[in-house]
Amino acid sequence: MDYIVSLLQSLSVQALAPTTAAFAIAAIGLNIHFGFAGLLNIGQAAFLLLGAYGFAISIERGLPIFLAVLVALIVALAFALILGLPTLKLRGDYLAIVTISAAEIIRMVGRSSILTDVTGGSNGITGNTYNGPFNALSPLPDGTTQILWFNYDNNGVNGWWIRIVGWGLVALFALLVWALARSPWGRLLKGIREDEDAVRSLGKNVYSYKLQALILGGLIGAIAGIIYVLPSSVQPDGLGRSTTFFIYTALLLGGAATVFGPILGAILFFVMRLLVQTLAQDFIPSSIMNGQQTVQFSYVLVGVALMCLIIFRPQGILGNKRELSFSV
């Protein structure tokens, strides 16, 4: 019984982690791309990486934190325009190829030795060079606070302050998506996803609406990148192709084209992975599977679960199959 209680506490700690909040925000942005507009963007990690770089480099250069966030958003906006203007007229599968290639270009440029003085190259940028101004904004007193079994420093790189901001942004963006989904703009995006020729026949500029969706989802992704690196560091290889696939896993698990699906999916993704990893470490002898292999094993089982989900419930946990199909 004590083991089960301890396991459930560990899982709930992971569910509340800043990384989980960052993935939930990133999945909300991707939901605007894929769930509402039908854009098969396989490069969402690029928006996270650009947001992280824009924020961290700006802080290092002495800019105030709010200007640093603005710089991160401007960089993501520029990337969305450069990416979207020539490609949004492409068919879905070609768009996927272009976006994943663009994301790889961003990652390789970021880790290039030529830009070591700016981006840190393959070593990245350490968190203590840019997270100070964020911690300075905290209204919380110094010390620690325990709520139930959650015990963290009030401030610091992994305390209550980053959790409050992270999950507060999750709630804010969920409210934004809820409002947009009920607006004429959101209903038009759904129409484009289902049949863009029909929307075009009504005199609507489909290309413009797709670009707007790409920009909005990308800006949200940039914010997710900032939250993701605040407790750790900016590592270009840590925001590569696999990050986009993990975000898609969270989105599809919870349900695309829903308000709370990305949030539920992000929580379940990290909780399920930690559950599998913990059980494997505790019950599988190290002679059969070592610690590193249990991490890989957890990703394998999550991948199998995602395949089963798409086969047997493609709309996800909260999704509506009549509204959304994977035919983009």
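Visitor: How does α4 pass α10, in a left-handed or a right-handed crossing?

Guide: A crossing is left-handed if the near helix is turned anticlockwise from the far one by less than a right angle, and right-handed if clockwise. Here α4 passes α10 in a right-handed crossing. Keep in mind that this is a predicted model, where local features need pLDDT of at least 70, side-chain atom pairs count only at pLDDT 80 or more, and totals for chains, interfaces and linings use all residues. Residues are numbered from 1 along each chain as its sequence is written, and side-chain values use heavy atoms, with hydrogens and water left out.

Visitor: At what angle do the axes of helix α4 and α10 cross?

Guide: Axes are lines fitted to C-alpha atoms, for helices over the stretch in contact, and angles run from 0 to 180 degrees between N-to-C directions. Helices are DSSP runs (H or I, at least four residues), numbered from the N terminus. For helix α4 (residues 65-87) and α10, the crossing is at roughly 145°, and the axes come within 9 Å.

Visitor: Which residues in α4 meet α10?

Guide: Contact means heavy atoms within 4.5 Å. On the α4 side the list includes Val69, Leu73, Leu77 and Gly84; among their partners in α10 are Tyr207, Leu211, Gly218 and Ile226. By class, this contact has 17 nonpolar, two polar and no charged residues. Ala, Val, Leu, Ile, Met, Phe, Trp, Tyr, Cys and Pro count as nonpolar, Asp, Glu, Lys and Arg as charged, and the others, Gly among them, as polar.

Visitor: And how do helix α9 and α10 pack?

Guide: Helix α9 (residues 184-201) packs on α10 at an angle of about 140°, with the axes 10 Å apart. That makes α9 oblique to α10; angles under 35 degrees count as roughly parallel, over 145 as roughly antiparallel, 65 to 115 as roughly perpendicular and the rest as oblique. Their crossing is left-handed. Trp185, Glu196 and Arg200 of α9 are among the contact residues, as is Lys210 of α10. The classes here are nine nonpolar, one polar and three charged.

Visitor: What is the angle between α2 and α12?

Guide: Helix α2 (residues 18-36) and helix α12 (residues 261-283) pack at about 140°, their axes 8 Å apart. α2 passes α12 in a right-handed crossing. Phe23 and Asn31 of α2 take part in the contact, as do Pro262 and Phe270 of α12, among others.

Visitor: How many aromatic pairs does the structure hold?

Guide: A pair of aromatic rings is described by the distance of the centres and the angle of the planes. The structure holds twelve such pairs. One of them, Phe23 with Tyr228, is tilted, at 5.9 Å centre to centre and 55° between the planes. Rings of Phe, Tyr and Trp (its six-membered ring) pair if their centres lie within 6.5 Å; planes under 30 degrees apart count as stacked, over 60 as edge-to-face and the rest as tilted. Phe23 in helix α2 and Tyr228 in helix α10 (residues 206-229) are 205 residues apart.

Key
Helices (H or I, at least four residues) and strands (E, at least two) are DSSP runs, numbered from the N terminus.
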